Amino acid sequence: MNELPVYDVVLLPPAAVRDASIAVSRQLKPLGTEFTLQADHLYPHLSLYMLNILSGQLQETFSRLQGIARQTRPLQLQASHYGHNFTEGMFEVFYHKTSEIIALQERVIAGLNPLRHGLRTKDPVGHTLADWLPQTTGVAHHNLETYGYDEVGELFKPHITFTRFVTRTTQVELATLPALSQFHSIYTQLGLFEMGEHGTCTRPVAVFELQ
């Protein structure tokens, strides 16, 4: 049986941040990485909610996201720090968690969770969620059971993932990376994307302008 497509509701970075993200991803490639961001594939993005959606629910999904976008002003976001998960190998830039982005995630989840079809097969780091869920505790367990996604509420840490290192503990000289100010910007687009491995966004399905 074919796996259900997994979708990611995201904020799309404006062109300057998109290009800076791709540049960092390319810069890190010689260190040995699982993927490299591109302008037209493996799109830079800031995830809000990952979920399975059946094809028959896509039109309703579009309608709900359009309604959310119409009620959401563009978001001013500032990068806070670079981060490296040495256990899973993800290398990312994190953003300050504003009340506006928290509210947007809450609206997206409230709107789409009723349309969600079960658990995703795997999460971005490769856990098979049906097996991983019983091993989780606390907020992560509650979020996976309730929303099918763990990075909600206190576990929501807005970020753009540049790449994932094959050797998870690969060291990066932060001084060689762009100033964090290159990732400060106003975000104006909410997107729905199909997902691939490692939490990548592989195909745009719909994009909505924040009002």
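Colleague: So helices here are DSSP runs of H or I with at least four residues, strands are E runs of at least two, and both are numbered from the N terminus. With that settled, which strands each supply at least two residues of the lining of the largest pocket?

Modeller: Those are β2 (46-52), β5 (90-95) and β6 (159-164). Keep in mind that this is a predicted model.

Colleague: Which one gives the largest share of that lining?

Modeller: That would be β5, with three residues.

Colleague: And what is the volume of the largest pocket?

Modeller: The volume is about 600 Å³. Its lining is made of 25 residues, and those nearest the centre are Asn 85, Glu 92, Val 125, Glu 151 and His 159.

Colleague: How do the lining residues of that pocket divide into nonpolar, polar and charged?

Modeller: There are nine nonpolar residues, nine polar ones and seven charged ones.

Colleague: Nice. What about the second largest pocket, how much space lies in there?

Modeller: The second largest pocket holds about 410 Å³. It is lined by 18 residues, with Glu 3, Val 6, Lys 122, Gly 196 and Glu 197 closest to its centre. In that lining, seven residues are nonpolar, five are polar and six are charged.

Colleague: Let's switch to helices. What span should α2 have, going by its 13 residues?

Modeller: Helix α2 covers residues 58-70, and at 1.5 Å a residue it should span 18 Å. The end C-alpha atoms of α2 are 18 Å apart, so the two values agree.

Colleague: Which residues of α2 are buried?

Modeller: Leu 58, Thr 61, Phe 62, Leu 65, Ile 68 and Ala 69 are the buried ones in α2. They sit on the same side of the helix, because they cover an arc of only 130 degrees around its axis.

Colleague: What do they pack against?

Modeller: The buried residues of α2 pack against β1 (6-12), α3 (99-112), β8 (189-195) and β9 (201-209). On the face turned away from the buried side, you'll find Gln 59 and Arg 70, which are exposed.

Colleague: You mentioned α3. How far does that one reach from its first C-alpha to its last?

Modeller: Helix α3, with 14 residues, reaches 20 Å, close to the 20 Å expected at 1.5 Å a residue. Its buried residues are Ile 101, Leu 104, Gln 105, Val 108, Ile 109, Gly 111 and Leu 112. They lie on the same side of α3, because their arc around the axis is only 165 degrees.

Colleague: What covers those buried residues of α3?

Modeller: The cover includes β1, β2, α2, β3 (75-77) and α5 (138-147). The face of α3 turned away from its buried side carries Ser 99, Glu 106 and Ala 110, which are exposed.

Colleague: New topic: backbone angles. What is the phi of Leu 42?

Modeller: Leu 42 has a positive phi of about 55 degrees, although it is not a glycine. You can find Leu 42 in the loop between α1 (15-28) and β2.

Colleague: Is Leu 42 buried or exposed?

Modeller: Leu 42 is buried, because its relative accessible area is 12% and buried means under 20%.

Colleague: And where does His 198 lie?

Modeller: His 198 is in the loop between β8 and β9. Its phi is also positive, near 60 degrees, in a residue other than glycine. His 198 has 18% relative accessibility, so it counts as buried.

Methods:
Residues are numbered from 1 along each chain as its sequence is written. This is a predicted model: local features need pLDDT of at least 70, side-chain atom pairs count only at pLDDT 80 or more; totals for chains, interfaces and linings use all residues. Side-chain values use heavy atoms; hydrogens and water are left out. On a 1 Å grid over the protein atoms alone, a cavity is a set of points where a 1.4 Å probe fits but cannot get out, and a pocket is an open set with protein on both sides within 12 Å along at least five of seven lines; lining residues have an atom within 4 Å of a point. Grid points are joined across faces, edges and corners, and a volume is the space filled by probe spheres set on the points. Ala, Val, Leu, Ile, Met, Phe, Trp, Tyr, Cys and Pro count as nonpolar, Asp, Glu, Lys and Arg as charged, and the others, Gly among them, as polar. The expected span of a helix is 1.5 Å times one less than its number of residues. Buried means under 20% relative accessible area, exposed over 50%, partly exposed in between (1.4 Å probe, protein chains only). The arc is that of the directions from the helix axis to the C-beta atoms. Contact means heavy atoms within 4.5 Å.
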